Amino acid sequence: MTRSEAEERAAHRDAVPSDPGFAEAIEALTRVRTRELRLPPAIHAAFRQATWQSRKKIIRAWLVSIALLNALCLPLDPLLADEQALGAFAAARFGLTMFLLAAAWLIHAMAKPGLEGVIMIACCAAVMVVAGATGLRYGPELTERYIVHAAFVAGSGVMVTRIAWRDTLILTGVSIALFCGFLLQIPDPPLSMNAAAQMALFYGGGLAGLTFARRAHDRLHYRVFVLTMSERLKMREIEAMNSRLFAMARTDPLTSLSNRRHFDEVYGALRIGADERSTIGLFMIDVDRFKQLNDELGHAAGDERLAAVAGLIRSELREGVDFVARFGGEEFVVLLPDVVLEEARAIAERVRASVENRALLNPGGLAGVVTVSIGVAAAPPGRLERLVEEADAALYAAKQRGRNRVELAAGAAVETA
């Protein structure tokens, strides 16, 4: 794959809008036959933007090539024109070369499409005007040859540069009009009116034919663009679906918290990548007497309480820093990066108090409301492999000592109010 093709593919990928209407229009266009393919304005604008980098390089290369070819023809002028006209020929060629190179620089400087059609029309018209006017003034017998060369330049511009269809029609019309206009001004002899009419018909028809051939070529480019966009849109759908499935595989559906699998991933990553100078806090949370709650109020009410407790836990943590997951059943686990044991204890106490103050009904619970017990541990990354066990042991101690309390792994219990 060439660099230009790679850039165009990347531009195609970046040109895919998220608008559902765009996707529907692209899908509809995939069912249209190539010869009937017409791009709606929004899709055509996306096509022009997506193909701009490759088209810009082609237009720039074409302009530089025509400028160099014009300059290289300068040594041949003495063989064709008389000595008195050489200065004028040289000045005309130099001016045209500078004009074409300036146009190439302008194309290079354009960040997005818009003026390339106007530039191409101006350049082809300039080539035709310089060729025809110079020939008529300083060598009428050479005018025919020069404007035929200019017609070939216009034809190559029509086919190669892939400007907008409207601009292509204007370019063709201007080129044919100038070509015929200069033909009619060539005196007889050297060119008879009959010969001029035949040349006008031949070259004018040739330019028109190239223009409509370019139209067919455009439709092939449209087809490639539409199929590429369709492929990109399908890939985007697949990626979005994969992202949703990935998120679902790591999310607890009841509480919308991360699940045990996601916790294991984050916990493992912390053990590998955390700063050895930091301390990581962890606490295990268990809803007190949850079995009695299910027995008294039913599993639906139990699920509601779990979801509410999950929201209360999350509300007391540092957003974007701390990590909470449902560990299983009525248990939750929280990871707190870069905290010491006392800081972890303070956060755990806020969580415990928040759940108690919410006063969710639990007929079998302490004071008839939902409460939680929390075991807290903290350790540097090098000791993380035992952190869950230490926090779980502290949670067990909190249960044994009356529930609705925070217990530290080191044994320094914090009594509830």
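Which helix gives the largest share of the lining of the largest pocket? I looked it up, and α8 does, with six residues.

**Ground rules.** I am working with a predicted model, where local features need pLDDT of at least 70 and side-chain atom pairs count only at pLDDT 80 or more, while totals for chains, interfaces and linings use all residues. Residues are numbered from 1 along each chain as its sequence is written, and side-chain values use heavy atoms, with hydrogens and water left out. My helix labels follow DSSP runs numbered from the N terminus (helices are H or I, at least four residues; strands are E, at least two).

**Entry 1, the largest pocket.** I noted a volume of about 460 Å³ for the largest pocket. Of its 21 lining residues, N70, C73, R93, Y146 and H149 are the closest to the centre. The helices α4 (52-72), α5 (77-80), α6 (86-109), α7 (116-138) and α8 (140-160) each bring at least two residues to this lining. Sorted by class, I get 15 nonpolar, three polar and three charged residues. For the classes, Ala, Val, Leu, Ile, Met, Phe, Trp, Tyr, Cys and Pro count as nonpolar, Asp, Glu, Lys and Arg as charged, and the others, Gly among them, as polar.

For the record, the search runs on a 1 Å grid over the protein atoms alone: a cavity is a set of points where a 1.4 Å probe fits but cannot get out, a pocket is an open set with protein on both sides within 12 Å along at least five of seven lines, and lining residues have an atom within 4 Å of a point. Grid points are joined across faces, edges and corners, and a volume is the space filled by probe spheres set on the points.

How many cavities of 30 Å³ or more does the structure hold? I found one. The largest cavity holds about 90 Å³ of space. Its lining consists of H44, F47, R48, R55, R162, I163, A164, W165, R214, D218 and Y222. Two or more of these come from each of α3 (41-50) and α10. The classes here are five nonpolar, one polar and five charged.

Next I checked α7 against α9 (residues 165-185), and the angle is about 5° with the axes 9 Å apart. Axes are lines fitted to C-alpha atoms, for helices over the stretch in contact, and angles run from 0 to 180 degrees between N-to-C directions. The two helices are therefore roughly parallel (under 35 degrees; over 145 is roughly antiparallel, 65 to 115 roughly perpendicular, the rest oblique). Contact (heavy atoms within 4.5 Å) involves residues including M120, C124 and M128 of α7 and I170, V174 and F182 of α9. By class I have 14 nonpolar, four polar and one charged.

I read an angle of about 15° here, with the axes 12 Å apart. That makes α4 roughly parallel to α7. W52, R55, I59, W62 and L63 in α4 meet E116, M120, C123 and C124 in α7. This contact divides into seven nonpolar, no polar and two charged residues.

Last, I took α2 (residues 20-29) and α10 (residues 193-249), which pack at about 130° with axes 9 Å apart. They are therefore oblique to each other. On the α2 side I listed F22, A23, I26, E27 and L29, facing R223, V226, M229, S230, L233 and K234 in α10. The classes come to seven nonpolar, one polar and three charged.
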